[in-house]
Amino acid sequence: MLRSIIVSYLVFLGFSSQAQDVYLSPLKKINAGEKEISSISFSSDAKWIAIADKKGEVSVRSFHDDERLTKLSTGDEIILHDFIDQNKKFIVLDNSGKLTTYYTGSKETQTTQFTKGIKTACLDPNSHYLTFLTKDNNIEIQDLKANMTLGRIQKIEGLSSALFIGYDRFGQQLAAINK
């Protein structure tokens, strides 16, 4: 009986440890070029890193050996880029509404044109739906698997200065943050 109490107490002590200082050090230097970086994204398996700049160019590089997989140029401000479908696709959405899909296996590129004047965009937690807010304050939801519009919410008052839209962790609620 005493032995089980001591074991239980020791196990409990293991879970109630105090906070520790955390020190970060650089892991790796990635060659991103000379242009100002606007955003980065990582593949879920940490094999690739995507680096976007202010001029509308995205470079996808191998995280381990810094080798460039591809370079995509949209010519317009990049609103969103991410790896989807278990890293089989890399998508880039720019301000003009052009969605570029790069297939990492076959290295082919496909483009789709959506509504022009995109202010902000997000993916749902499962990366099936691309949702964006247009300059006319319309929200559009695109089904990336079916390659079609899932829905539109028109003329939402109060979103004229929206900085961010995003889903909750279950993908059931969409939220927007204004200035």
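Before placing any residue, I note that helices (H or I, at least four residues) and strands (E, at least two) are DSSP runs, numbered from the N terminus. The model is a predicted one, in which local features need pLDDT of at least 70 and side-chain atom pairs count only at pLDDT 80 or more, while totals for chains, interfaces and linings use all residues. Residues are numbered from 1 along each chain as its sequence is written, and side-chain values use heavy atoms, with hydrogens and water left out.

**Entry 1: overview.** Of its 179 residues, 37% count as buried, where buried means under 20% relative accessible area, exposed over 50%, and partly exposed in between (1.4 Å probe, protein chains only).

**Entry 2: Thr100.** I looked up Thr100 and found its place in strand E7, which covers residues 98–103. Thr100 is buried, its relative accessible area being 6%. Leaving out residues up to four places away in sequence, Thr100 touches Leu72, Phe90, Ile91, Val92, Thr109, Gln110 and Thr111, a contact being heavy atoms within 4.5 Å.

**Entry 3: the nonpolar cores.** Which residues make up the largest nonpolar core? I listed 12 residues: Leu80, Ile84, Ile91, Leu93, Leu99, Phe114, Ile118, Ala121, Leu123, Leu130, Phe132 and Leu144. Such a core is a set of buried Ala, Val, Leu, Ile, Met, Phe, Trp, Tyr and Cys residues joined through side-chain atoms within 4.5 Å. Strands E5 (78–84), E6 (89–94), E9 and E10 each supply at least two residues of this core, and E9 gives the most to it, with three. Apart from this core lies another, of 11 residues, among them Ala50, Ile78, Phe90 and Val92.

**Entry 4: strand E9 and its partner.** Strand E9 (residues 118–123) has five of its six residues buried, so it is largely enclosed by the rest of the structure. E9 pairs with strand E10 (residues 129–134) in the antiparallel sense over five bridges, two strands counting as paired if DSSP finds at least two bridges between them. Within this pairing, I saw that Cys122 stands opposite Thr131 in E10. The hairpin of E9 and E10 has five residues between the strands, and there Ser127 takes a positive phi near 60°.

**Entry 5: salt bridges.** I counted a salt bridge where a side-chain nitrogen of Lys or Arg lies within 4 Å of a carboxyl oxygen of Asp or Glu, and by this rule there are five. One of them joins Lys71 to Glu57, with the closest N and O atoms 3.3 Å apart. Lys71 lies in strand E4 (residues 68–73) and Glu57 in strand E3 (residues 57–62), so the pair ties together parts that are 14 residues apart in sequence. Lys71 counts as partly exposed at 44% relative accessibility, whereas Glu57 counts as buried at 19%.

Another salt bridge is formed by the side chains of Asp85 and Lys145, at 2.6 Å from N to O. This pair links distant parts of the chain, 60 residues apart, with Asp85 in the loop between E5 and E6 and Lys145 in the loop between strand E11 (139–143) and strand E12 (148–153). Asp85 is partly exposed, at a relative accessible area of 22%, and Lys145 counts as exposed at 52%.
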